[in-house]
Amino acid sequence: MSRLEELLDVTASADEVFTGPGGGPDGKRTYGGQLTAQTLMAAGRTVNAGRPPVSLQLQFLRAGAAGDPVDYRVSALTDGRTTAVRQVLGMQGERVLSIATVVFADPLGGPEHGATPDMPEQPEALPTTGPAGSAPAMPLEELDIRISDRGAGMQFCRHFWWRATVTLPADPLLHAAAALYTTDVYGLDPALQVHGHALGDGTHRTGTTGTAVWFHHPIRADRWNVLASSSPAASRGRGVITAALADADGRRVATVVQEGLVTPRDPHPTERK
């Protein structure tokens, strides 16, 4: 089993409770992408395997310890003829880290369309950049990440190309979880890039407060995908990111919206006037 698969998977530890491993490093806060991915995996373990996820809305309530496992308590809110809805609490001990609602539904007939993000480049033509900054929790040796930024100010857009370079089981839920895990890294960066800053600068306190994802088509994590993200609004110390996840053929496979804290750090005492 690859390290990526280990970080995404969850195991049943009690009735409707699943445990996911910590990603480390010790002393750091839990990586939000891993919490989101494991939440999806836990919810999916209680649903018919042939019923794919269609949406996930997750709120981060408090930071967790990155080196410790997380328990996911799953409650069935609905088990209908074509739809299943699960509520998932992510917990360490008695501390609730996150709360999520995950919806699964049978595919039905109907109109189809999907706005395709501009894809001016092919990933093979881009240098291997890795994430936009340090990511010690991620098995970067098992991920190929190539970033291309375009525009400035409100026209800033990030193309985050990614694929897993290790063999993953043919489990659509796992591939969707891999997408949530990988694309969350430095996901709030466009909200700062609009103003000429970057998460890696350390000038702002940041943290994702909420993530919403709508799945339109199955995702293949072992093939090239691109997350095209921008920030339409920021105010009162919070920024919003909207993004389209597309496969290499340009088919939109998911839509992502995130909100997070983006507020200037207090200057060091020696820098204050």
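Leaving aside neighbours within four places in sequence, which residues is serine 231 in contact with? The partners are Met154, Pro190, Ala191, Val194, Val240 and Ile241, where contact means heavy atoms within 4.5 Å. Serine 231 itself sits in strand β10; helices (H or I, at least four residues) and strands (E, at least two) are DSSP runs, numbered from the N terminus. With a relative accessible area of 7%, serine 231 is buried. Here buried means under 20% relative accessible area, exposed means over 50%, and partly exposed is anything in between (1.4 Å probe, protein chains only). Serine 231 and aspartate 15 are 216 residues apart in sequence, and their C-alpha atoms lie 41 Å apart in space.

A word on the basis of these values. This is a predicted model, in which local features need pLDDT of at least 70 and side-chain atom pairs count only at pLDDT 80 or more, while totals for chains, interfaces and linings use all residues. Residues are numbered from 1 along each chain as its sequence is written, and side-chain values use heavy atoms, with hydrogens and water left out.

Next comes the helix pair. Two packed helices are described by the angle between their axes and the distance between the axes. Helix α2 (residues 32-44) packs against helix α3 (residues 172-183) at an angle of about 160°, and the axes are 7 Å apart. The axes are lines fitted to C-alpha atoms, for helices over the stretch in contact, and the angles run from 0 to 180 degrees between N-to-C directions. α2 and α3 are therefore roughly antiparallel to each other; the cut-offs are under 35 degrees for roughly parallel, over 145 for roughly antiparallel and 65 to 115 for roughly perpendicular, with the rest oblique.

On the α2 side, the contact is made by Gly33, Gln34, Thr36, Ala37, Leu40, Met41 and Gly44. From α3 come Leu173, Leu174, Ala176, Ala177, Leu180 and Tyr181. Sorted by type, the residues of this contact are 9 nonpolar, 4 polar and no charged. In that scheme Ala, Val, Leu, Ile, Met, Phe, Trp, Tyr, Cys and Pro count as nonpolar, Asp, Glu, Lys and Arg as charged, and the others, Gly among them, as polar.

α2 has 13 residues and reaches 18 Å from its first C-alpha to its last, close to the 18 Å expected at 1.5 Å a residue; the expected span is 1.5 Å times one less than the number of residues. For the 12 residues of α3 the span should be 16 Å, and its end C-alpha atoms are 17 Å apart, which agrees. In α2, 13 of the 13 residues are buried, so this helix is largely enclosed by the rest of the structure. α3 is also largely enclosed, because 11 of its 12 residues are buried. Among the buried residues of α3 are His175, Ala178, Ala179, Thr182 and Thr183.

Methionine 41 gives a close-up of this packing. This residue of helix α2 is buried, with a relative accessible area of 1%. Not counting residues up to four places away in sequence, methionine 41 touches Leu8, Asp9, Val10, Leu173, Leu174 and Ala177. The C-alpha atoms of methionine 41 and alanine 177 are separated by 6.8 Å, although the two are 136 residues apart along the chain.

The loops hold some backbone details. Between β2 (17-20) and α2 lies proline 25, and the peptide bond from glycine 24 to proline 25 is cis, with omega near -5°. In the loop between β1 (11-14) and β2 is glutamate 16, with phi near 60°, a positive value in a residue other than glycine. Glutamate 16 is partly exposed at a relative accessible area of 34%.

Arginine 236, in the loop between β10 and β11, also has a positive phi, near 55°, and counts as exposed at 83% relative accessibility. Glycine 237 lies in the loop between β10 (225-235) and β11 (238-247) and is partly exposed, at 24%. Its contacts, leaving aside neighbours within four places in sequence, are Gly260, Leu261, Val262 and Thr263.
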